[in-house]
Amino acid sequence: MKKRTLIVIVVLIVVALIAAACVYGYVSGRQQAQEEPPVSEPEKPTEPEGPDTPDKPDEEPVQPDNPNPSGGESVIVYVPDEQGETLTPVGADAKDDSDQALVDALIAANSLPAGVEVQSAAVEDGVLKLDMNAAYGEAVRASGTTGESMLIYSLVNTFAQARGVEQVLITVDGAPLETGHDIYDYPLTANSNP
């Protein structure tokens, strides 16, 4: 019986030492955490504002890697991300600043299918009215609900940004765009998450 009592006492001493070590570690860790000064982000050096300095430095414009490889215009086009869930602005090269050049840049970025053309474009009361050919309407109708949104808003976002408008009304051969899911007879506002 003496042997069992001795074992119980040794086990209790070991448990007490472990508990004391845990409490000591917890208390000393809390003290160190309280003594550390808060981490602050380093201040960005300020640059003098001039004609080359944007008013809002937080909003960096998206620039292509090689802005003008063919000597044309640098444009920003909106393309679906890898998951096809949102649109991402990317820099692209266009032969000029025409409406068809913007569509061609979207085609080159695989955001629109080949054969899509702009038939006419005009701004009225702050809304860009964009008439597309039948190839665009067919592509939108054949793409399913998610693809439909991507094809429509790739065009809307790209033209809204390039032409400085807030809304775009898309027609096909002069008639409202009909997809089977919706009739787009109203102006659309640019949206990165259609």
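Reader: Let's start with tyrosine 184: does it count as buried or exposed?

Author: Buried. This is a predicted model, and in it tyrosine 184 has 9% relative accessibility. The cut-off for buried is under 20%, so tyrosine 184 qualifies.

Reader: And how does tyrosine 186 count?

Author: Tyrosine 186 counts as partly exposed, because its relative accessibility is 33%.

Reader: How many aromatic pairs does the structure hold?

Author: There is 1 aromatic pair. It is made by tyrosine 184 and tyrosine 186, with ring centres 5.9 Å apart. Their planes sit at 40 degrees, so the pair counts as tilted.

Reader: OK, zooming out. How many helices and strands are in the chain?

Author: The protein chain has 4 helices and 8 strands. Along the sequence they come in the pattern α-β-β-α-β-β-α-α-β-β-β-β.

Reader: What share of the residues is buried?

Author: Of the 194 residues in the protein chain, 28% are buried. The accessible surface is about 13100 Å², and carbon and sulfur atoms account for 54% of that.

Reader: Which residues touch the most other members in the largest nonpolar core?

Author: Tyr136, Ile152 and Leu155 do, in a core of 38 residues. Strands S1 (73–80), S2 (87–94), S4 and S5 each give two or more residues to this core, as do helices H2 (99–108), H3 and H4. H4 gives the most, with 8 residues.

Reader: Why would they gather like that, generally speaking?

Author: In soluble globular proteins, nonpolar side chains tend to be buried together.

Reader: Back to tyrosine 136. What is it in contact with, leaving aside neighbours within four places in sequence?

Author: Tyrosine 136 is in contact with Leu112, Val116, Leu151, Ile152, Leu155, Ile170, Val172 and Leu177.

Reader: Which residues of H3 are buried?

Author: In H3, which runs over residues 134–141, the buried ones are Tyr136, Gly137, Ala139 and Val140. They lie on the same side of H3, because they cover an arc of only 165 degrees around the axis.

Reader: What do those buried residues pack against?

Author: They pack against strand S4 (127–132), helix H4 (144–163), strand S5 (167–172) and strand S6 (175–178).

Reader: Let's switch to S4, then. How many of its residues are buried?

Author: S4 is mostly covered, with 5 of its 6 residues buried.

Reader: In what sense does S4 pair with S3, and with S5?

Author: With S3 (residues 118–124) the pairing is antiparallel, over 6 bridges. With S5 it is parallel, also over 6 bridges.

Reader: What about the turn between S3 and S4?

Author: S3 and S4 form a hairpin with 2 residues between them. Aspartate 125 in that turn has a positive phi of about 55 degrees. Glutamate 124 stands opposite valine 127 in S4.

Conventions: Residues numbered from 1 in each chain as written. Predicted model: local features only at pLDDT ≥ 70, side-chain atom pairs only at ≥ 80, totals over all residues. Heavy atoms only, no water. Buried < 20%, exposed > 50% of the residue type's maximum accessible area, 1.4 Å probe, protein only. Arc of directions from axis to C-beta. Contact = heavy atoms within 4.5 Å. Phe/Tyr/Trp six-rings, centres within 6.5 Å; stacked < 30°, edge-to-face > 60°. Core = buried A, V, L, I, M, F, W, Y, C linked by side-chain atoms within 4.5 Å. Areas by Shrake-Rupley, 256 points an atom, 1.4 Å probe, with all protein chains shown as cover. Pairing = 2+ DSSP bridges.
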